[in-house]
Amino acid sequence: MDAEMAMELVKHGLTLLFLDVPQHTLIGIDTQMFSVGPDFKGIKMIPPGPHFVYYSSSTRDGKEFSPIIGFFVDAGPSEVIVRKWDQQEERLVKVPEEEEERYCQAVRSLEFDRHLGPYNLSQYGDWKQLSNYITKSIIQRIEPIGGEITVASESTMHVNTPSTMMEKALDEQLNASRCSTPSDKSQTRGCYYTSIPRVTKRKGIHGQQLTSLNLDKLVESVLLEDYGGSEDLLLAELQFAYIAFLMGQSLEAFLQWKSLVSLLFGCTEAPFHTRSRLFAKFIRVIYYQLKQGLQKDCTDTNSGSTLLDDSWFSADSFLHRLFKDFFLLVQDASVVDGDLLSWTRKLKELLENNLGWEFQQNSAVDGMYFEDDDEFAPVVEMLDDPSSSVAPSV
């Protein structure tokens, strides 16, 4: 990049000014992560728009790290965001308004320029694929009070209890740190995710008919009642949750992502009729999420690899079951939207090539059949009223 173009990006891009951050602290933005050196004071040349910023304090030798704290921002051209390190709380905090204005002017006068690391624009395309539905209004709608997302506070919130072996292992992994027991978090609130109803059934309805009836109707109900009919809002929340999980290591975010993914992949009619465009976009979102998540050690630090560890990729994981059933549905459908078919093939190839997964139909088991003790099956609740078809239970 020539000097003139670089200066243009410095002047018109977003700047994060982070003051007094200790050495070895990990600071990330989007798909990029930095280990703080003695001269580090922030990041410059960031394209305007939505971004996820996250960080983790370390011991003095840089060998142990606290749970990640992350927050979303949506910034305009030439905007400056100022944070200062609070040594006692080990986190970045806002500065008083007058002090912030002085720092902003200093940044625009290039006084901090040599202390600011450049945003790696070669990775910006990857970030856009992960966040293209996220907007400022989505961030404001979902983010917690105060904006900070961290698993360290989720242990005090009433989130869903991990049920599968993978979720339990993830819960232990996320909480295994020197700072896993936070100070008083009684005022901490989680993200304002959409409450996804559990699947219900009518008496006399079983097996595939149950799944087809309830999950397709639930998708329509959730779209209309919670997203105002907007498919893009649902996809934006799916992206928000995945980013908060993958980069921010939030268990709450993982559970929300899993709920949305399970609901959509469980449909049998909507992908091929009323919501074919939604499902084409949905599969595209999942493709780029897993493509990013499969990049081991993508942070290039010694803090560990991506959270998508081996427990995600065993043949009995919930993802393998969901993908297998959906691929069989697409394979057997008489008519499939062109975009949906194209992205389904790409996703299948990604999983087969990167993980060695096989998606052959078991002749003894129908693709949408769930055994009674299958932990990946929809939650089934008996209703006394035989006329009730969908009764959301939160």
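This is a predicted model: local features need pLDDT of at least 70, side-chain atom pairs count only at pLDDT 80 or more; totals for chains, interfaces and linings use all residues.
**Count.** I went through the charged side chains and ended up with nine salt bridges.

**Asp-113 and Lys-44.** I found the closest N and O atoms of this salt bridge 3.1 Å apart. Looking up where the partners sit, I got a link between distant parts of the chain, 69 residues apart. Asp-113 is in the loop between helix H2 (97–108) and strand S9 (117–118), while Lys-44 belongs to strand S4 (residues 42–46). Is Lys-44 buried or exposed? I noted 11% relative accessibility, so Lys-44 goes down as buried.

**Glu-99 and Lys-84.** Here the closest N and O atoms of the salt bridge are 2.9 Å apart. This one also links distant parts of the chain: I placed Glu-99 in helix H2 and Lys-84 in strand S7 (residues 80–86), 15 residues apart. I then checked accessibility for both partners. Glu-99 has a relative accessible area of 17%, so I put it down as buried. Lys-84 comes out at 23%, so I listed it as partly exposed.

**Glu-352 and Lys-348.** For this salt bridge I have 2.7 Å between the closest N and O atoms. Both residues lie in helix H12 (residues 338–355), four residues apart, about one turn of the helix. Glu-352 is partly exposed at 26% relative accessibility, and Lys-348 is partly exposed too, with a relative accessible area of 27%.

**Network.** Which residues are joined by salt bridges that share partners? I wrote down Glu-220, Glu-231, Asp-232, Arg-275 and Lys-281, which form one network.

Methods:
Residues are numbered from 1 along each chain as its sequence is written. Side-chain values use heavy atoms; hydrogens and water are left out. A salt bridge is a side-chain nitrogen of Lys or Arg within 4 Å of a carboxyl oxygen of Asp or Glu. Helices (H or I, at least four residues) and strands (E, at least two) are DSSP runs, numbered from the N terminus. Buried means under 20% relative accessible area, exposed over 50%, partly exposed in between (1.4 Å probe, protein chains only).
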